[in-house]
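This note sets out points for a colleague who is reviewing the model. Please read them alongside the sequence and the coordinates.

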Amino acid sequence: MADTAQPRRKLKRGGYNSTVETKTKAKIYPIVLYGDPVLEKPAETVTVFDEELRTLLDDMFESMYSAHGVGLAAPQIGIAKRIAVVDCSFKERPEERMVLINPVIVKQEGKQTSGEGCLSLPVFRENVTRANRVTVRAQDGYGKEFETTGEGLTARAFLHETDHLHGKLFISHVSALKRDIIRRKIKKLAKAGEWKYEPPE
Ligand SMILES: [Zn+2]
């Protein structure tokens, strides 16, 4: 999920398609854009919790920070597995740095409406109504099961990232009219060579 505290950023040509190495040797994955089929298919359950997975988790956090995001799901880096990372504090509070593997939403309460964005749909932001308090059950990088409850932005991130793992994007929560406007804008960007894919039909 895009950082809602940040102003709308302009889409730079190639800006989301370059792989760079950081000093800590974390791999910064390029973010997959809307139109890539990996974003719209259900991800697979994770069954192996090994060093390779934990390295991937570190790389996902660094890739998310590098893209100024507060949530990232594995399909957004082209990996169709049920893995998401969330940090709504953006490095400020370690306790908000969360790994969600095979997450399941177990409880939703209340309602909130605010602007929501997605790293796979940069420059687009729409109001989305979601539950205000959300409990998720998931596994950590070692396979240990846990349950956690988030409110406000964290609740929104739990729902947004879990949606990704079901092949669902936030624009499925906006009106058909707004979705159509977004798709037409993306078509134009694709024509101009500024978006890799044509929007799916
Ligand atoms: Zn997203």
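Two residues are taken to be in contact if their C-beta atoms, placed from the backbone, lie within 7 Å. The model is predicted: local features need pLDDT of at least 70, side-chain atom pairs count only at pLDDT 80 or more, and totals for chains, interfaces and linings use all residues. Residue numbers start from 1 along each chain as its sequence is written.

1. Overall content. The chain has three helices and nine strands, where helices (H or I, at least four residues) and strands (E, at least two) are DSSP runs numbered from the N terminus. Their order from the N terminus is β-β-α-β-β-β-β-β-β-β-α-α. Among contacts with a separation of 6 or more, 65% join residues 24 or more positions apart.

2. Burial. A residue counts as buried if 20 or more other C-beta atoms lie within 10 Å of its own, as exposed if 12 or fewer do, and as partly exposed in between, with C-beta atoms placed from the backbone. By this criterion, 34% of the 201 residues of the chain are buried.

3. Residue A84. This residue is found in strand β4. A84 is buried, because 32 other C-beta atoms lie within 10 Å. Leaving aside neighbours within four places in sequence, A84 is in contact with G71, L72, A73, A74, L100, P103, E161, H164 and L165. The C-alpha atoms of A84 and V99 are separated by 6.1 Å, although these residues are 15 residues apart along the chain.

4. Strand pairing. Two strands pair if DSSP finds at least two bridges between them. Strands β4 (residues 83-87) and β5 (residues 97-109) run antiparallel and are joined by five bridges; I83 has I101 of β5 as its bridge partner. Six bridges join β5 to strand β8 (residues 133-139), also antiparallel, and V104 stands opposite R137 in β8.

5. Nonpolar core. Such a core is a set of buried Ala, Val, Leu, Ile, Met, Phe, Trp, Tyr and Cys residues joined through C-beta atoms within 7 Å. The largest has 45 residues, of which M60, A84, V85, V86 and L100 touch the most other members. Two or more residues each come from α1 (51-66), β3 (71-73), β4, β5, β8 and α2. The most, six residues, come from α2.

6. Helix α2. Just after α2, G167 takes a positive phi of about 75°.
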